[in-house]
Amino acid sequence: MRITNVAKLILGGMTAAWLCVACTTSAYPDGKAILDEVEDVFIPMDIVKSIHTAELIYEVTSPGEPDSKMIVRYQAPNRYRFDWISAKTAMILCVDGKKGWSYDQEGGIADMTQADLDALFSEIAFYPFSRVFLDNIEKAKVVGEEVFHGEACWVIEVRCQGADKPDRYWIGKESKMLRQTQSDVDGVTQTTQYFDFEYYNGICLANIFFDITKDKVTRNKLVSVKINSDVDTSLFEKLKKLD
């Protein structure tokens with residue numbers, strides 16, 4: 001299951017414009033080298049050691065569903081917690097190093113499988129508090145070029161550890177920004193588009209992103225960013241039961 005589902009959509013009936021650009025495979029640059037440049041843009045190496053904690057809050061809206069919020073918390077060097085909260089449901093995922101677990105609606109706890117962890121670690125790359133982007137990638141190959149919302153992009157086929165199928169990333173040639181991802185989630189094609197990038201304490205984040213499937217569009221708006229503020233460390237501890 002893809003957990004972050006961050007995608008961008010042009011609202012009000014507008015659609016994404018695509019332009020395929022002819023190019024021979026031999027002319028394409030190395031995919032991993034491009035992704036390494038992406039890391040340098042999203043979180044420069046000199047910023048990594050200065051990030052101790054982070055908390056992001058997103059407003060999440062989707063037509064026909066109650067509004068909800070997503071909270072992403074981080075504690076250096078490798079602890080993450082994701083909370084999705086709405087009037088009807090709640091879901092929590094936690095990661096501590098190479099271990100992870102989830103809390104269900106009744107407060108029960110389930111350990112995450114290695115496949116779940118592999119998927120989660122590939123998603124954590126989109127919350128760039130530490131440079132883990134390349135660590136989870138087995139293969140990255142440039143397969144084409146397209147123009148995405150006015151910017152020429154490399155299209156990179158990326159296979160992460162434990163993944164059954166590769167994902168595709170659209171990386172701006174000039175900006176080195178991650179503009180779009182596309183993946184197969186349980187047989188459903190999911191597109192994620194990112195817009196309105198801004199730097200917070202040296203970290204580059206998308207202020208708005210959309211998750212798009214054939215039947216659903218989810219808008220995620222970043223409404224709060226706290227870097228190196230007090231975060232309750234007990235939130236990252238594995239409990240026997242969630243109250």
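Figure 1. Pro77 lies in the loop that links strand S2 (68–75) to strand S3 (79–86). This is a predicted model. The peptide bond running from Ala76 to Pro77 is cis. Its omega is near 5°.

**Figure 2. The whole protein chain.** The predicted chain contains three helices and 13 strands. It has 243 residues, and 47% of them count as buried. The accessible surface comes to about 12,200 Å². Carbon and sulfur atoms hold 51% of that surface. How much of the contact total comes from residues 24 or more positions apart? Among contacts with a separation of 6 or more, such residues account for 53%.

**Figure 3. Confidence along the chain.** The mean pLDDT of the protein chain is 82. A score of at least 70 is reached by 84% of the residues. Where is confidence lowest, and where is it highest? Confidence is lowest in helix H3 (residues 114–124), with a mean of 73. The highest value, 96, belongs to strand S13 (residues 217–227). Residues 1–25 need care in reading. Their pLDDT stays under 50. For this stretch the model has 84 contacts beyond four places in sequence.

Figure 4. Strand S7 (137–148) and strand S8 (residues 151–160) run antiparallel and are joined by ten bridges. The two strands form a hairpin with two residues between them. At one end of the pairing, Phe148 stands opposite Glu151 of S8. His149 sits in the loop between S7 and S8. Its phi is positive, near 50°, and it is a residue other than glycine. Is His149 buried, partly exposed or exposed? His149 counts as partly exposed, because its relative accessibility is 28%, between the cut-offs of 20% and 50%.

**Figure 5. Strands S8 and S9 side by side.** S8 and S9 run antiparallel, with six bridges joining them. Two of the residue pairs can be picked out. Val155 has Trp170 of S9 as its bridge partner. Glu157 has Arg168 of S9 as its bridge partner. In a regular strand, side chains alternate between the two faces of the sheet. The S8–S9 hairpin has six residues between its strands. Within this hairpin, Gly162 takes a positive phi near 80°.

**Figure 6. Cover over S8 and S9.** How many residues of S8 are buried? Seven of its ten are, so S8 is largely enclosed by the rest of the structure. Strand S9 (residues 167–172) is mostly covered as well. Five of the six residues in S9 are buried.

Figure 7. S9 is joined to strand S10 (residues 178–185) by four bridges. The two strands run antiparallel. Ile171 has Leu178 of S10 as its bridge partner. Five residues lie between the strands of this hairpin. Which residue in the turn has a positive phi? Lys176 does, at about 65°. Lys176 is not a glycine. It is found in the loop between S9 and S10.

**Figure 8. Ile156 in the largest nonpolar core.** The largest nonpolar core has 48 residues. Which of them touch the most other members? They are Tyr58, Tyr127, Phe129 and Ile156. Residues up to four places away in sequence are left out of the contact list for Ile156. Beyond them, Ile156 touches Gly31, Ile34 and Leu35, among others. Its list also includes Ala140, Lys141 and Val142. A second, separate core has five residues. Among them are Phe148, Cys153, Trp170 and Phe195.

Figure 9. Cys94 has a relative accessible area of 1% and is buried. Cys160 has a relative accessibility of 6%. Cys160 therefore also counts as buried, since the cut-off is under 20%.

Technical notes:
Residues are numbered from 1 along each chain as its sequence is written. Side-chain values use heavy atoms; hydrogens and water are left out. Buried means under 20% relative accessible area, exposed over 50%, partly exposed in between (1.4 Å probe, protein chains only). Contact means heavy atoms within 4.5 Å. Accessible areas come from the Shrake-Rupley method with a 1.4 Å probe; for residues, only the protein chains shown count as cover. Two strands pair if DSSP finds at least two bridges between them. pLDDT is the predictor's confidence in each residue, from 0 to 100. A nonpolar core is a set of buried Ala, Val, Leu, Ile, Met, Phe, Trp, Tyr and Cys residues joined through side-chain atoms within 4.5 Å.
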